[in-house]
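Here is a short note to read beside the structure, written for someone meeting such a model for the first time. Please keep the sequence and the 3D view open while going through the points.

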Amino acid sequence: MESLIRIVNKLQDVFSVFGEQQLTDLPQIVNLPQIVVVGTQSSGKSSVLESLVGKSFLPRGTGVVTRAPLVIQMIRYTEETRKSMLKSNNTEDSESITEWVEFLHKPNIFYFDFDMVRNEIECETNNLAGYNKGITNKQIVLRIHTNRYDLTFVDLPGITKVAVGDQPDDIDEQIQKLILSYVKQSNSIILAVVTANTDPSTSESLQIAKKLDPDGIRTIAVVTKLDLIDEGTLQDTKDLLCGQRIPVKLGIIGVVNRSQKDIVENKSMDATLTSETEFLKTNYPDIYTKHGNKALAHTLQLVLITHIKKVYPKLKIELEEMKNKLGKKLLVLHTPDNKISFLIGLLKDISKSYEDTMNGNQNDVSVDQIVGGASIARIIHQKYLKTINAIEPLQDLSNENIAKVLLNTSGTNQSTFVNEKALQKILSRQLKNLIEPSLDCVELVRSEMLNILNSIDARLLETLRRYPQLNEDVRKVFEKLLEENVKNIKDFIASYIESYQECLNTANPDFILEIVKSNNTIQEEILAAANISNCVKEDISDNLFSQPCFTFGQSIPQPIPDKMAQLKKIEINRIQMLNQLLSGLNNQDVSLESSEQVKLHRDLSQCYFEYIRKIVRDFVPKRIKHKMINSFLKVLDKRLNEEIFQTYLIEKKIDEVLLEDETFQKDRNNVETKLDAVRKALKNMVDIQYY
């Protein structure tokens, strides 16, 4: 069963190479089953770890000594393994060599002197974290080959509150952040080190454990310095060791470690363990077997093995998901074998993906924003139509302005009933207001069509970013093609509206209908100007009310069928009279006052403007779709091929434009390293399922 711990050791070796990325890019992977040691600088944390290992090897001193996560893997060796190590190291077999150490950052180098191990930890710490007493997330991994047992744990920097010497001012925040990044992982067992001579409620390590593990289901408390408490507090300490004051589920174990005097006098670990057993047996005779460093090692082994078996299924799933994710990412970053085929395929894919995005056929439909063709439809409906519908037909045109136009266009002659020249000038002036919003709409659509290029398949965009020159050239083709279309369509739309400015057709039946559909006030003013209003009114009165035309017995009066025909006849008569009026065939000799003329031309201008506005707001969106969007999509693939692929081929520039951005080269190497690590991890995990 202890081999399970060795498998986890291998997983730690695999992923320790990621350093800080382990906590960001690979959150699932860092969540390995592991024992995380948390305690203040003065809690005796280092002494606990050295007692478990059976050797003095950790750096000591004032301030923050542990400045990098130290992964300590205890591996129980076989005699065969020991002899193989000695042979590979060209070392004579010696019974005195019962432990040795390897560092992951120095493979195939064996340390037999634990003072040298301490020196190497200090050197690598300075290498990773610098010499200014700062800390780092990058791990130092050391394997301690021992004849004791299999066990692994992570030693973290001691909790501190005040910066000392050349420590950074925010050293406390840095340490807290680092500790929390390990403790918050659901697969971490928290080894909270507390001292017996302080109130547990004020313990920093227990507060952190309680915050991240409120139910205490993955926390073990280690109570140190049992030998430093007053005799009168033995019962309180016994209550503490029996779990009456610390709510943790995995156990509370008291230990007695080497004192500073013992360290100075180089008291052996075996002697320390003997002293510890005697102390516990004397002071806590009924519970001493459950405490001490031997009991701690046994408990940690049991807890870690149980936890590994528990989290194995989920961890394996996470590794499989990560392997698939990295595999897909590497597929995007792969170097093409045939650059010509790659380029042809990429350009076709870009054209196809752009068309799909424009037509709403993309694979990944966004739920967060409006993209593609829908964004263009929104521009037309929410911006263009809203703007053009808001234009006042008689904007900046007063009755006085109309009167002056009437007089100025009459010259030396008296103005006729309907002054065609005046109406032409007025409408030319007012219809001009339709041009600018229409051309603005074209520009907005052009801008959005360029933006849509950024909404195509993410894989294609990633590939374009990978080749800066190709990316630039593709975008130039889009800009050039759109510019060609934009110029043509803007010229056509402006010319189209100008034709209505210059060529009036007031006899057009659609315009007559526009007057009929206008409000009653305008109709009556126009008819009154022709002195035919009363005639029409009499016609309406005689025909509508000479006999009953509504049926009753319903909630809403309804015209009877034959009266519907009469109403239609009245409408036709009115159209004929308006047609007669506007065609200039008025036979009446009654001259019109200037005010009546002004009112008439104002009303006619308003109706004609509404008539043309309907035409323009229907025409412009159709023209944009037909000659700007559809035309663009039809030739996009051809233009990409001609202006990029064919040009590159003729000028022999394919190799040049397919030079990768340096960041992508690094990304590919990084992804390959991670994918290799995940595959190794999965291979190692195969062995776990047999336990």
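**Notes on pockets, salt bridges and a buried strand**

The second largest pocket is lined by 18 residues, and those nearest its centre are Ser353, Gln362, Ile456, Asp457 and Ala458. A pocket is here an open set of points on a 1 Å grid over the protein atoms alone, with protein on both sides within 12 Å along at least five of seven lines, and lining residues have an atom within 4 Å of a point.

1. *How to read the model.* This is a predicted model, in which local features need pLDDT of at least 70 and side-chain atom pairs count only at pLDDT 80 or more, while totals for chains, interfaces and linings use all residues. Residues are numbered from 1 along each chain as its sequence is written, and side-chain values use heavy atoms, with hydrogens and water left out.

2. *The second largest pocket.* The space in this pocket comes to about 440 Å³, where a volume is the space filled by probe spheres set on grid points that are joined across faces, edges and corners. Helix 12 (339–359) and helix 17 (458–466) each contribute at least two residues to the lining, and helix 12 gives the most, with five residues. Helices (H or I, at least four residues) and strands (E, at least two) are DSSP runs, numbered from the N terminus. Sorted by class, the lining holds four nonpolar, eight polar and six charged residues, if Ala, Val, Leu, Ile, Met, Phe, Trp, Tyr, Cys and Pro count as nonpolar, Asp, Glu, Lys and Arg as charged, and the others, Gly among them, as polar.

3. *A residue of helix 12.* Phe342 is found in helix 12, and with a relative accessibility of 16% it counts as buried; buried means under 20% relative accessible area, exposed over 50%, and partly exposed in between (1.4 Å probe, protein chains only). Leaving aside residues up to four places away in sequence, Phe342 touches Pro336, Thr463, Tyr467 and Leu658, a contact being heavy atoms within 4.5 Å.

4. A cavity is a set of grid points where a 1.4 Å probe fits but cannot get out, and two cavities of 30 Å³ or more are counted. The largest cavity holds about 60 Å³ of space, and its lining consists of Pro59, Val65, Thr66, Arg67, Ala68, Leu70, Ile121, Thr125 and Ile140. By class, six of these lining residues are nonpolar, two are polar and one is charged.

5. *A covered strand.* Which way do the residues of strand 5 point? Ile140, Leu142, Ile144 and Thr146 point one way, Val141, Arg143 and His145 point the other way, and all are buried, so that seven of the seven residues of strand 5 (residues 140–146) are buried under the cut-off already given. Strand 2 (residues 70–76) runs parallel to strand 5 and is joined to it by seven bridges, with Met74 standing opposite Ile144. Strand 3 (residues 100–103) runs antiparallel to strand 5 and is joined to it by four bridges, and there Glu102 has Arg143 as its bridge partner. Two strands pair if DSSP finds at least two bridges between them.

6. A salt bridge is a side-chain nitrogen of Lys or Arg within 4 Å of a carboxyl oxygen of Asp or Glu, and the whole structure has 26 of them. Arg82 and Glu79 form one, at 2.9 Å from N to O; they are three residues apart in helix 4 (residues 79–88), and therefore separated by about one helical turn. Arg82 counts as buried at 7% relative accessibility, whereas Glu79 is partly exposed at 41%.
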